[in-house]
Amino acid sequence: MSPEVAVQQALNGISFGALLFILAAGLSLIFGMMDVVNLAHGAFYMLGAYIALTVVQRTGQFWLGLVLAPLLVGALGLAIEPLLLRRLRGRHLDQVLLTIGISLVIGDLIGLIAGREIRSLPFPAGLDHSVPIMGGDYPVYRLFVIAFGLALAALFAFVHRRSRIGALIRAGVDDAPMLAALGVDIDRLFATTFGVGAALAAVAGVIAAPVFGVFPGMDVDALIYSLIVVVVGGLGTLSGAIAGGALVGPADTFGKVLFPQFALALIFAIVAFVLLLRPTGLLGRVRIVR
Amino acid sequence: MTDSDTSYRLSRRKFLAAGGAVALAAACGPAAAPSASPSAAATASAAATTALKPLKIGQLLPFTKVYAELGNSMKRSTDLYLKQKGNKLAGRTVAPPIYEDEANDPVVGAQKTQKFIEQDQVDVMMGIVATPIAYAVRNAIDSAKMIFIETNAGGNSLTRDVPNCTPACKSKYIFRSSFSSWQISAPIGEYFATKRGVKEAFTFVADYGFGTESAADFTNSFTKAGGKVTGSLKAPLGSADFLPFVTQLKNQPTKDIYSFFSGTDAINYIKAWNQLGMPAAGYKMNGAGFLTEQDVLKEVKELANGAVTSLFWAVTLDNAENKAFVDAYQKEYNLLPDVFAVQAWDGMNALDLALQAVKGDTSNKDAFIAALENVKFNSPRGAFEFDKVTHNPIQDMYIRQVAVQNGAAVNTIVDKIARVTDPGKPTT
C-alpha cells in the first residue's frame, strides 16, 4: 500500500469511526445514566433520517433537517420516558421488551407513511465535492463528518466535566438513588436524558443518511453498529463511545482492505478480541450492584 | 416480525371462519374460503377435480426489511394481472392470492412454504426474492410435487444439473420467470471483449452467493473471448461504507470495472464512486443490470451516467407489450413498473397460458408441467419461453447505457444479445 493510499484509507477509517461514535453516543448516554439498554435506538436513528429526507424533499434544506429531526425525535423520547419507560424502572428484561416494541411500531409506521422503497439523501450543497489531499481527491462530506464527530466529542467532554448537568450525570451514573435522596428530581433528569439520547440518535440518522442510505431495515443495522461500539468502548461511558468509534472505524476499514476475505466477520472479531482482553470494554468500569 | 404475526392471526381467523364455511359447503361443491382441516380439505379436493374449485395461488414475497419494495412491486403486478382478467384464468375462478412475508430469512421462508403445502394446499406457489430462500425450500417443493414459479431469485443452481444437488438443483416442478445470474453476467463479458474491444477488466461484487456467481460467470466468458481479468474485490452484502473499496479500485490501473450490486448497496457504491472522482479519472462502471435499475436510478440520478449494464428488460424498451404493460401499471398505481413487476407479470402470464392449455385443470401435474414447458408469448421484455430442459427462460439480453434525457436518468438500449439460454450445468 502506497503512502497516499494509506493516508486516504486512514481518513476513510477515521470518518467511519466518527460516524460510529455519533451513532453510539445516544445509546451510551441512556445506558450510563438510566441503566436502560435502549433497543429503540435504531428506530430513533431511522426516524431522524426519514424526517431529514422529508424536509430535504419539501424544502431542499439539509441543515433544516439536521435541526428539526433531533427536535422532533427528542420530543418523542421526552414523552416516551414518563409515559412508558418509567413504569418499568429497574426491570431490565421488561425494558428491553418495551424498547423492542417501540422500535417495531416506529419501523412499521415509517413503512406505512413513507413507503418501503430504498431512498438516499443527497450530500448537502457545499459539501458534495472533493478536495485534493496527498495527490488524491477526498470527499468534503467525510471531512465534515470527522469535524462534526470531534466537535460533538468536545461538547460532551465540556458538559460532562464542567457543567452542573455534567455533575448530575456523573452522580447519576454512580448512584441514582443517592442523587434522588439529595433532592434532585430524578424523574425529570431521566426524562431529559432519554429525550437527549433520542435526539442524538436522530442527529446520527441525519448525518449518516447521505453515506449509509435510507431504507427499511436501517434501524437494525444502526442498532447493531451502536451496540458494537458501546460494548467495545465500555458500557455507559461517553469516553467509551469515543474510544469504541476510534478503534472500530479504522480497524474495520483497514481490515476490509488488507484482509478482504475476512471483511464480513472482521467487525465481530474485533469485538471478541477486545472483550477477551478487557471484558468491560476499553474504558469500561465495573459497576457496583447492590 | 409484526407483519408475519398479523398475517398469522388474520389467517387463523379466516381459517376458523373457513372451517365453518367448509363444513357447511363441502357437500355442495366449491368453497370460496381457504380450506380448514386436512380432512375437510380432502373432501373438498375430491369434489373439486370435476367441479374446478377456485385456483389457489400462494405468493411468498418480502414485505418487510430491505427487499420490502420488491415484494410490493410483485404483488402490485400480480393483482393487476388478475384484475385485468376479472379474477379468472382459463375460465377458472382465482381465489385472492395468499400473500406471505418471506422476511428475507430462509427459516421463515421454509415455514411459509410448508404452510402453502400443508395448510393452504395451494395449486401454484410463486415468488421468492432471495436466492438462499429459494435454495432452502427447493427440496420441500420437489417432494411435495407443488408447482412453483420462481419470480425473482436468480441463483444458477435452481435450474441446473448440479452434482449432489448442492446447494440446489433443477426440479421438474420448479419454473423460473425471471433469469439466472449467468444470463445477466456472462453474455456481457463476451460482449465487452468482442464488441467493445475491452482488453482488461476488474471485478467488484457483493460478497454473497449471487455476487460471487456473477463475477465468476463474467470472468469466464470475458476470458474465453480473449479478455483478461486483472483482479477482483468483494464487499460484504449491506456494507455501510463503500469508500474504502472504491479507494482500492482507484488505486489499481484497470479502468473497466464489472460490478454486481443492487438496491441500497448499489446506491452507496455509485455515490462513493462519484465522491472519489472515478469518472474524471477515466474509470468506467459496468455490471449486471440491477446496478442501475429504477429503484437505484431514481435516487442516484445523473451520478450513474454512462454506466453500461445488461438485463432482459428496461422501462424504455420499445415494443407493444411493454407499452401496454407500462401504461396499465402506471394507470393503476400512478408509478412506473420495475423489472420485478415484469418478472411477476410474466409468471402470471405463463401460468395463465398453461392453464388455458389444460382447460384450467391442474389436477394432472404432468399435463400441467408439459403445458408450462410449451408456453410461448410476447412479454414486455420481448419473446418469452421456458427452456424445456432447465425451466429457466430463454430470453434476449439488452445492453443498456445510462443517459440523462430531459433531466431524468434512464437506461437506453444500445445493443441486444438474442436468445440467451442458460448452459444448464455448472460452467468452468
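Helix α5 of chain A covers residues 140-162, 23 residues in total. From its first C-alpha to its last it reaches 32 Å. That is close to the 33 Å expected at 1.5 Å a residue. The model is predicted, and the values here are computed from it.

Which residues of α5(A) are buried? They are A:Y141, A:R142, A:V145, A:G149, A:L152, A:A153 and A:F156. In chain A, these buried residues pack against α1 (3-34), β2 (136-139), α7 (186-212) and α9. They also pack against α8 (243-250) of chain B.

Helix α9 of chain A has another partner, α8 of chain A. The two helices pack at an angle of about 110°, with their axes 7 Å apart. Angles of 65 to 115 degrees count as roughly perpendicular, so α8(A) is roughly perpendicular to α9(A). The table lists who makes the contact.

| Helix of chain A | Residues | Contact residues |
|---|---|---|
| α8(A) | 218-233 | A:I228, A:V229, A:V230, A:V232, A:G233 |
| α9(A) | 238-258 | A:G240, A:A241, A:I242, A:A243, A:G244, A:G245, A:L247, A:V248 |

Now to chain B as a whole. Chain B holds 13 helices and 16 strands. It has 428 residues, and 54% of them count as buried. Take the contacts in chain B with a separation of 6 or more: residues 24 or more positions apart account for 70% of them.

Definitions and conventions:
Residues are numbered from 1 along each chain as its sequence is written. Chains are lettered from A and ligands numbered from 1 in the order in which they are written. This is a predicted model: local features need pLDDT of at least 70, side-chain atom pairs count only at pLDDT 80 or more; totals for chains, interfaces and linings use all residues. Axes are lines fitted to C-alpha atoms, for helices over the stretch in contact, and angles run from 0 to 180 degrees between N-to-C directions. Helices (H or I, at least four residues) and strands (E, at least two) are DSSP runs, numbered from the N terminus. Angles under 35 degrees count as roughly parallel, over 145 as roughly antiparallel, 65 to 115 as roughly perpendicular and the rest as oblique. Two residues are in contact if their C-beta atoms, placed from the backbone, lie within 7 Å. A residue is buried if 20 or more other C-beta atoms lie within 10 Å of its own, exposed if 12 or fewer, and partly exposed in between; C-beta atoms are placed from the backbone. The expected span of a helix is 1.5 Å times one less than its number of residues.
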